[in-house]
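Here's a quick tour of this protein, from the overall fold down to a few side chains. Have the structure open as you read.

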Amino acid sequence: MAVQSKPIPIGPWGKATAGAAGAVLANTLVYPLDLIKTKLQVQVKRSDGDQADANADEPHYASTWDAVTKIASAEGLSGLYAGMSGALMGVASTNFAYFYWYSIVRTVYIKYGKGGAHPSTAIELSLGAVAGALAQLFTIPVAVVTTRQQTQKKEDRKGIMDTAREVIEGEDGVSGLWRGLKASLVLVINPSITYGAYERLKDVFFPGKASLSPLEAFALGAISKALATIVTQPLIVAKVGLQSKPPPARQGKPFKSFVEVMQFIIEKEGPLSLFKGIGPQILKGLLVQGILMMTKERVELMFVLFMRYLQVMRSRQGRRAGDLANVAKLAVPLTVK
């Protein structure tokens, strides 16, 4: 009768690396959607009087496809990838930090919680929120710089370091790199809803299954992210408004809080505008989360197989060393004689 080997834990570093790898691959594939949803979320709806405004020559996008065609026409295909290097650096660091802390806090809870019980949905959400908050504290400067890059005009576009310097030289100084931190901390409910829902749906639809197929992981990741995006879209729009340059109507005066951003949007455009850009936001979320979880599951499996290979090699080396020791013991008496 074959003995089943125990599952090999890959630890926080392995899970963090798998999550970061999945995030980078997913965001590389769908980056134009990320750029477009940011542009849609920061633009202010024009009124009739705005046509005479000096800033009325700025491009205005009526829809996702309108944004794609106008950007491609004005800047070429490369315009759809503006700021991508900073964005990928941001998603890699954020997802690495998130999965690292999520793995740690979840392991600690299971180990020291009530009888090692499996976390409930509420606990899963709480653990995700704690991990998300820790990740945001370390990675938000990259998000601020990326948002600035994505909303710069072609002629004003700068590299990562120059954009960061521009932020620091602004009204807020170095603390400007942490603009939107409060909104980001509130928005940790997004990944907590996403991954909490993922773990719960995984238990519901695939109970006891250690490793999901790529299609199963994609479907669960996409559904989880869609739910989280719909719930948190107004906060996402407010956060982007905080981290980008203030709109012309503000005359250069930056927003001080995400509540102020939301009030400005409601006053100028109506409450439904708190959901502007939700089309590409959900589409991007569906694709990114689906590809991310699909890739993460595969990378984790590769880690497990690699560690199992190392265990087998160590075991063989141990047996070989034991055999050599036995041969040496047998050889000693023969040498004496």
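## Overall fold

Among contacts with a separation of 6 or more, 75% are between residues 24 or more positions apart. Keep in mind that this is a predicted model.

Of the 337 residues, 42% count as buried. The protein exposes about 18000 Å², and carbon and sulfur atoms supply 66% of that.

Ile 291 sits in helix α11 (residues 278–336). Its relative accessible area is 12%, and the cut-off for buried is under 20%, so Ile 291 counts as buried.

What does Ile 291 touch, leaving aside residues up to four places away in sequence? The list is Leu 25, Ala 26, Leu 29 and Phe 218. Leu 29 is 262 residues away along the chain, yet the C-alpha atoms of Leu 29 and Ile 291 are separated by 9.3 Å.

## Where α2 crosses α9

Helix α2 (residues 31–42) and helix α9 (residues 214–243) have axes that come within 9 Å and cross at roughly 85°. That angle makes α2 roughly perpendicular to α9. On the α2 side, the contact is made by Lys 37, Thr 38, Gln 41 and Val 42; α9 brings in Gln 233, Ile 236, Val 237 and Val 240.

## Salt bridges

The structure holds 7 salt bridges. One of them pairs Lys 70 with Asp 66 at 3.2 Å, N to O. Both lie in helix α3 (residues 64–75), 4 residues apart, or about one turn of the helix. Lys 70 is partly exposed at 37% relative accessible area, whereas Asp 66 is buried at 17%.

Helix α8 (residues 189–205) holds both Arg 200 and Asp 203, 3 residues apart. They form a salt bridge with the closest N and O atoms 3.5 Å apart. Arg 200 is partly exposed at 23%, and Asp 203 is partly exposed too, at 29%. Then there's Glu 269 with Lys 276, whose side chains meet at 3.1 Å, N to O; both residues are buried. Shared partners also link Asp 34, Lys 37 and Lys 284 into one salt-bridge network.

## A nonpolar patch outside

On the surface, Leu 137, Phe 138 and Leu 185 form a nonpolar patch, with about 290 Å² of accessible area together. Leu 185 belongs to helix α7 (residues 181–186) and counts as partly exposed at 33% relative accessibility.

Conventions. Residues numbered from 1 in each chain as written. Predicted model: local features only at pLDDT ≥ 70, side-chain atom pairs only at ≥ 80, totals over all residues. Heavy atoms only, no water. Helix = DSSP H or I, 4+ residues; strand = E, 2+ residues; numbered from the N terminus. Buried < 20%, exposed > 50% of the residue type's maximum accessible area, 1.4 Å probe, protein only. Contact = heavy atoms within 4.5 Å. Areas by Shrake-Rupley, 256 points an atom, 1.4 Å probe, with all protein chains shown as cover. Patch = residues over 30% accessible without salt bridge, like charges linked within 9 Å, V, L, I, M, F, W, Y side chains within 5 Å. Salt bridge = Lys/Arg side-chain N within 4 Å of Asp/Glu carboxyl O. Axes fitted to C-alpha atoms, helices over the stretch in contact; angles between N-to-C directions. Parallel < 35°, antiparallel > 145°, perpendicular 65-115°, else oblique.
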